[in-house]
Amino acid sequence: MSDDDGQAALPHWFDDDAGPVVRPYAMTRGRTTSPAQHRLDLIAVVIAESRAEETEADQTLSPEHVDIVGLCRDTPQSVAELAAELDLPIGVVRVLIGDLVDDRLVHVTRPVPPAELPDESILRDVINGLRAL
Amino acid sequence: MIFKRSERGTAPVEPVTLKILVAGGFGVGKTTLVGAVSEIKPLRTEENLSEAGRPVDDTNGVPGKHTTTVAMDFGRITLREDLVLYLFGTPGQDRFWFLWDELATGALGAVVLADTRRLEDCFAAVDYFERRSIPFVVGVNCFEGATRYPSDAVRHALDLDEKTPVVLCDAREKESVKEVLIDVVEHAMAIGAAAREPVAT
């Protein structure tokens, strides 16, 4: 499943199609779940904390951690967007976000709880918003 | 809705996020539908599978390939600065049901896209949403060259609940897709109101 316009632009890396060189869960040191945030919803929004400025200098963070904080700093991002942007599996991104929450570098907003419809006024706003598109 | 008070200074707005699923058989136009309204090019997230796909995915002749990738397409519509709607195209293959559960959790509702030439492809999706009481709308994607059927005929063929809306649409047209999404939200509202009523009286 390669990009349609992939032929136009030269691939960034030679043999990129063969897949990543590092196996995905190596980035999480083999962890597949994060104890604190084990079921992060795909549309949960990740927001960088104000103290997350000096992440680049933090030696305990992996480059992927730094990337996540960097992406969230300007605009809050959903878990799904982060995964797509970083080209990492959702499972890996979840673990990494869990680490960042533990370090209090980001916080996560809960989407509407499952089995519970959002407020009717929000639904009305959604309808109006869609109409106005 | 509970908003946490932002830490001092100008913290970015914390948006309310909602999601609508787009389901249906393989090649019925799910990605097209997402792309028609999304403000971003449909992104994909991937999940690596190793064991689950092994009996099914023939990886013979692909040395070194031990995993198969399942991709979910998704798009985003920012309705307001603080209100964002995400559309998730469900993976078409039946064997990725476990991912559906993940996607369906907390979903506002769903669109089941159907092609009248192979209606049976969407049976599984209809079953899934009916069983979990997730509000859904059947969108009949009107392909060129396919016979048009009245929505009642489709409803009957799918043995749908009378209240489940069936709409004809064109997954390529933004306006048409907008209408379908509005139908989903309205249907979800109607179901929500009906569910609340018995408790209130």
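Which residues of β6(B) are buried on one side, and which on the other? I started my notebook with this, and found B:Phe136, B:Val138 and B:Val140 on one side and B:Val137, B:Gly139 and B:Asn141 on the other. I take buried to mean 20 or more other C-beta atoms within 10 Å of a residue's own, with exposed at 12 or fewer, partly exposed in between, and C-beta atoms placed from the backbone.

**Ground rules**

I note that this is a predicted model, where local features need pLDDT of at least 70 and side-chain atom pairs count only at pLDDT 80 or more, while totals for chains, interfaces and linings use all residues. Residues are numbered from 1 along each chain as its sequence is written, and chains are lettered from A and ligands numbered from 1 in the order in which they are written.

**Chain B**

I looked up the make-up of chain B and found 5 helices and 7 strands; these are DSSP runs numbered from the N terminus, helices being H or I of at least four residues and strands E of at least two. Along the sequence I read β-α-β-β-β-α-β-α-β-α-β-α. Of its 201 residues, 39% count as buried.

Back to β6(B), residues 136-141: 6 of its 6 residues are buried, so the rest of the structure largely encloses this strand. I checked its partners next, where pairing asks for at least two DSSP bridges between strands. β5(B), residues 109-114, runs parallel to β6(B) and is joined to it by 5 bridges. In that pair I found B:Ala114 opposite B:Val140. From β5(B) the chain passes through helix α3(B), residues 123-131, to reach β6(B), in a right-handed β-α-β crossover. Right-handed means that, with the strands pointing away from the viewer, the path from the first strand over the helix to the second runs clockwise.

With β7(B), residues 166-169, β6(B) pairs in the parallel sense over 4 bridges. Here B:Asn141 has B:Cys169 as its bridge partner. The way from β6(B) to β7(B) leads through helix α4(B), residues 151-158, and this β-α-β crossover is right-handed.

**Where the chains meet**

I counted 35 residues of chain B in contact with 37 of chain A, contact meaning C-beta atoms, placed from the backbone, within 7 Å. On the chain B side, α5(B) gives the largest share, 8 residues.

**Chain A**

I then turned to the open sheet of 3 strands, whose order is β2-β1-β3 with antiparallel pairing. Its edge strands are β2(A), residues 77-78, and β3(A), residues 106-109. Between β1(A), residues 45-48, and β2(A) I found 2 bridges, with A:Val45 partnered by A:Ser78. Helix α1(A) packs on this sheet and touches β1, β2 and β3 of chain A.

How do α1(A) and α3(A) pack, and at what angle? They meet at about 75°, with axes 10 Å apart; axes are lines fitted to C-alpha atoms, for helices over the stretch in contact, and angles run from 0 to 180 degrees between N-to-C directions. The two helices are therefore roughly perpendicular, the label for 65 to 115 degrees, with under 35 roughly parallel, over 145 roughly antiparallel and the rest oblique. Among the residues making the contact I noted A:Ile68 of α1(A) and A:Leu100 of α3(A).

Last, I looked at α2(A), residues 79-86: 6 of its 8 residues are buried, so it is largely enclosed by the rest of the structure. Just after α2(A), A:Asp87 takes a positive phi of about 55°.

Technical notes. Contact = placed C-beta atoms within 7 Å.
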